[in-house]
Amino acid sequence: MPPVESTLSLATRPEGPAAVASTAKGTPPACRFCSATLRHTFVDLGMSPLCESYLPPERLSAMEPFYPLHARVCERCLLVQLEEFVAPAEIFSEYAYFSSYSDSWVQHARTYVAEAVERFGIGRESLVIELASNDGYLLQHVVARGIPAIGIEPAANVAAVASERGIPTIVQFFGRELAAELVADGRRADLLVANNVMAHVPDLDDFVGGIAIVMAPRGVATIEVPHLLHLIEGNQFDTIYHEHFSYFSFLTARAVLAAHGLAVFDVDELASHGGSLRLYAQLRHTGRHAVSDRVRELSARERALGYDALATYSSFSARVIDTKCRLLDFLIAARRDGKRVAGYGAPGKGNTLLNYCGIRSDLLEFTVDRNPYKQGQFLPGTHIPIRHPESLEQERPDYILVLPWNLKREIIAQLAPARDWGAQFVVPIPEVEVL
Ligand SMILES: [Zn+2]
């Protein structure tokens, strides 16, 4: 297990790039869950910069660090994973992703809170703790009901937005140490929410161990993670990036939680992020919920599809290379026909895709994003400029490449007026398609 300062607070964070115990010196890496040697490639996307390291104009001539983006699969537990080349303190201390800029994500959170509060009897005497609470996109709905809540969010810039909204937020990484501090302070979670964070922690053991510590005896944890089954079936290789250390099948996620005394008693399959799982877990010895049929059915389905066998993971690379060729074919043909292509969105997944495919402003003139934090900056590695969405109307490109393809319906509806000047939409994943 690599040494990670998982509860390092920003106040004590050392300046500059955080050093990480890397296996780059020749020793084969070990699985972060079961410690077996990782000898099998899942997909190798070459060298890439950190996908959230957007560049301001003054940094365009500076050196830019690139790290291997080589996903491996463990032959023993089948956890697909990336080595930790960069410490979370470097990645997540200032984060460019403000959850509230996605209408559909805020709606997702609102619906979740309404359902969870009802189903688990969460009230004014309860405590809701959210890990990676971002800008308070979810806990705002909890606080509005008069239910006590604590957010835990290591990125100071997004945490500050949550605090302004009246959501108590601890600016720290979560792990056993912080969990123990909360418990010592008399604060245990009746409902613990961890959306899109378990995949982002290099020290999985410390993170899941912390969840088990901070839960009230009859509490419930709901954990949302992208589902590896959809990554593979949907060819979503662009959701592989350095910040995303682990890729879970349901079978592997259950095993990881079980190792810490957390029993999964229910599961939802969600459309978010291209296909996610919401795992409902309780402490094995004190939880009160019966295991649902959905748990048995999904486990059986994954086994039937071969997700319990190494061979299933080994054919993925060929499809990824084929997709790269198809996207380049399209963009090169558009260029030769004198067509203009611009992007929509500047998500992390877009940066994986563009860097892997070697697409720069020669093939994609610019992209636009609603997030003012990103406007005026440049995409890492490819240096494609990020502009205000109004630029589309001004420049009137022939094609708009939708980089956050998981939100394609919402985006194409928002951009409907672009049809008036004849623009067509292009989605890269799962297959290159003009809409
Ligand atoms: Zn393993």
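A crossing of two helices is left-handed if the near helix is turned anticlockwise from the far one by less than a right angle, and right-handed if clockwise. Helices (H or I, at least four residues) and strands (E, at least two) are DSSP runs, numbered from the N terminus.

## The model

This is a predicted model: local features need pLDDT of at least 70, side-chain atom pairs count only at pLDDT 80 or more, and totals for chains, interfaces and linings use all residues. Residues are numbered from 1 along each chain as its sequence is written, and side-chain values use heavy atoms, with hydrogens and water left out.

Two packed helices are described by the angle between their axes and the distance between the axes. Axes here are lines fitted to C-alpha atoms, for helices over the stretch in contact, and angles run from 0 to 180 degrees between N-to-C directions.

Helix α5 covers residues 176-184, and helix α6 covers residues 204-214. Their axes come within 7 Å and cross at roughly 15°. That makes α5 roughly parallel to α6. Angles under 35 degrees count as roughly parallel, over 145 as roughly antiparallel, 65 to 115 as roughly perpendicular and the rest as oblique. The crossing of α5 and α6 is right-handed. From α5, the contact (heavy atoms within 4.5 Å) is made by Arg176, Ala179, Ala180, Leu182 and Val183. From α6 come Asp205, Asp206, Gly209, Gly210, Ile213 and Val214.

## The enclosed helix α11

Helix α11 spans residues 348-357. Ten of its ten residues are buried, so α11 is largely enclosed by the rest of the structure. Buried means under 20% relative accessible area, exposed over 50%, partly exposed in between (1.4 Å probe, protein chains only). The cover over α11 includes β1 (40-48), β2 (67-73) and α10 (316-336).

α10 and α11 pack at an angle of about 80°, and their axes are 10 Å apart. That makes α10 roughly perpendicular to α11. Val320, Ile321, Lys324, Leu327 and Leu328 in α10 meet Leu353, Tyr356 and Cys357 in α11. Just after α11, Gly358 takes a positive phi of about 70°.

## The zinc site

Four cysteines hold SG donors for the zinc ion: Cys31, Cys34, Cys74 and Cys77, lying 2.3 Å from it. Donors are N, O and S atoms within 2.8 Å of the metal (3.2 Å for Na, K and Ca); water is not among the atoms, so sites may look incomplete. Angles among the four donor atoms run from 99 to 120°, and the site is tetrahedral. Four donors count as tetrahedral if all angles lie between 85 and 135 degrees.

The donor spacing in sequence is C-x2-C-x39-C-x2-C. Cys31 lies in the segment before β1 and Cys77 in the loop between β2 and β3 (80-81), so the pair ties together parts that are 46 residues apart in sequence. Cys31 is buried, at 3% relative accessible area. Cys77 is buried too, at 16%.

## Backbone points to check

Most residues other than glycine have a negative phi, and most peptide bonds are trans. Leu78 is not a glycine, yet has a positive phi of about 65°. Leu78 sits in the loop between β2 and β3 and is buried at 8%.

Asn134 has a positive phi near 50°. Asn134 is in the loop between β4 (128-131) and α3 (139-143) and is buried at 5%. A cis peptide bond, with omega about 5°, joins Ile429 and Pro430. Pro430 lies in the loop between β16 (424-427) and β17 (433-434).

Terms used:
Four donors count as tetrahedral if all angles lie between 85 and 135 degrees; four count as square planar and six as octahedral if opposite donors are over 155 degrees apart and all others between 65 and 115; anything else is irregular.
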